[in-house]
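Q: Please take a close look at one part of this structure, the part around the annotated active site, and then describe some of the strands elsewhere in the chain.

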Amino acid sequence: MQKITILIHCKDQKGIIAAVTTFIAKVEGNITYIDQHVDVEQNVFFMRLECEFTNQSSNIEDIKEKFSKTIAADFNMSWDLYNQEQKPKMALFVSKYDHCLFDILGRYSADELGVEIPMIISNHNDLRSIAERFDIPFHYVPFTKENKEEGEARQIELLKRYQINFIVLARYMQIVTPKLISLYENKIINIHHSFLPAFPGAKPYHSAFKRGVKIIGATSHYVTEELDEGPIIEQDIARVSHIHSVEDFIMKGRDLERIVLARAIKLHAERKTMVYSNKTVVFS
């Protein structure tokens, strides 16, 4: 049995759902999930569809070609078709913080994320032992103002060598270069505390503690050239009060970062996110 996922967005117009579902029936597919959304203000239609083919002679490439020449052309669609059996290849970028890395690799080992992790890139050697513990190749790529071009070239060479589909910044403490962002547009996921821009700097939890905040949070988003302003994928919060210490803030914050980043990875890997006008449509 072959299973595919189709993501579509185009100008909203009559007959899109009927045309797509009729096409699937004609190519002997069975729809197992369908969801859609219309952005009324911008008049844009979004749809996510899953279907399966029990006929072993069904050819995914032929289906893609027929869809492109008929339905996609008729409605001027932007679309992608994915084979669900092919797990996307995810690269991890890390620095010295290990909490997100441990969480991701633990979930990966338990087969919870639906991805392959062919390699890890870091601008420090501190976390190499963790990668070795999980038997994942670890590549130390120095990245400073002085060697940024060389570091970028090395990163891109590794990403191409391992045929990486998307990147996760698991508390990678360097700014990703515009060239890398352009090569992986809407395919680089970052995590940060939700205090930005109210509490920037190296110790946001300390700043929040001094202000006596009542809520802390974490945000996962796609990376753009505008720092920490890319399309948001997932967020969550935790309540705090005067009884909590700075250490409590940090612990709760790191818990949120782990959870929110894992959710974002899973949503992306399952092709449940669509980006439009610096926002995301996230299908449940």
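A: In this predicted model, Asp228 lies in the loop between β10 and β11, the latter spanning 232-239. An unreviewed UniProt entry places the feature "active site" at Asp228. Because its relative accessible area is 27%, Asp228 counts as partly exposed.

Strand β10 covers residues 215-222 and includes Thr219. Thr219 is buried, because its relative accessibility is 5% and the cut-off for buried is under 20%. The side chain of Thr219 makes a polar contact of 3.0 Å with the side chain of Gln235. Beyond its neighbours within four places in sequence, Thr219 is in contact with several residues, including Asn190, Ile191, His192, Ile232, Glu234 and Val260.

Another strand to look at is β8, residues 166-169. In a regular strand, side chains alternate between the two faces of the sheet. β8 pairs with strand β5 (residues 89-94) in the parallel sense over 4 bridges, and Ala91 stands opposite Ile167. β8 also runs parallel to strand β9 (residues 188-193), to which 3 bridges join it; here Val168 stands opposite Ile189. Together with helix α6 (residues 178-183), β8 and β9 make a right-handed β-α-β unit.

The unreviewed UniProt entry also lists residues 5-86 as "domain: ACT". That span is 33% helix and 40% strand, and its end C-alpha atoms lie 11 Å apart.

Definitions and conventions
Residues are numbered from 1 along each chain as its sequence is written. This is a predicted model: local features need pLDDT of at least 70, side-chain atom pairs count only at pLDDT 80 or more; totals for chains, interfaces and linings use all residues. Side-chain values use heavy atoms; hydrogens and water are left out. Helices (H or I, at least four residues) and strands (E, at least two) are DSSP runs, numbered from the N terminus. Buried means under 20% relative accessible area, exposed over 50%, partly exposed in between (1.4 Å probe, protein chains only). A polar contact is a pair of N or O atoms within 3.5 Å; within protein, one must be able to donate a hydrogen and the other to accept it, and residues adjacent in sequence count only if both atoms are side-chain atoms. Contact means heavy atoms within 4.5 Å. UniProt positions are given in the numbering used here, feature names are shortened, and annotations may be inferred rather than shown by experiment. Two strands pair if DSSP finds at least two bridges between them. A crossover is right-handed if, with the strands pointing away from the viewer, the path from the first strand over the helix to the second runs clockwise.
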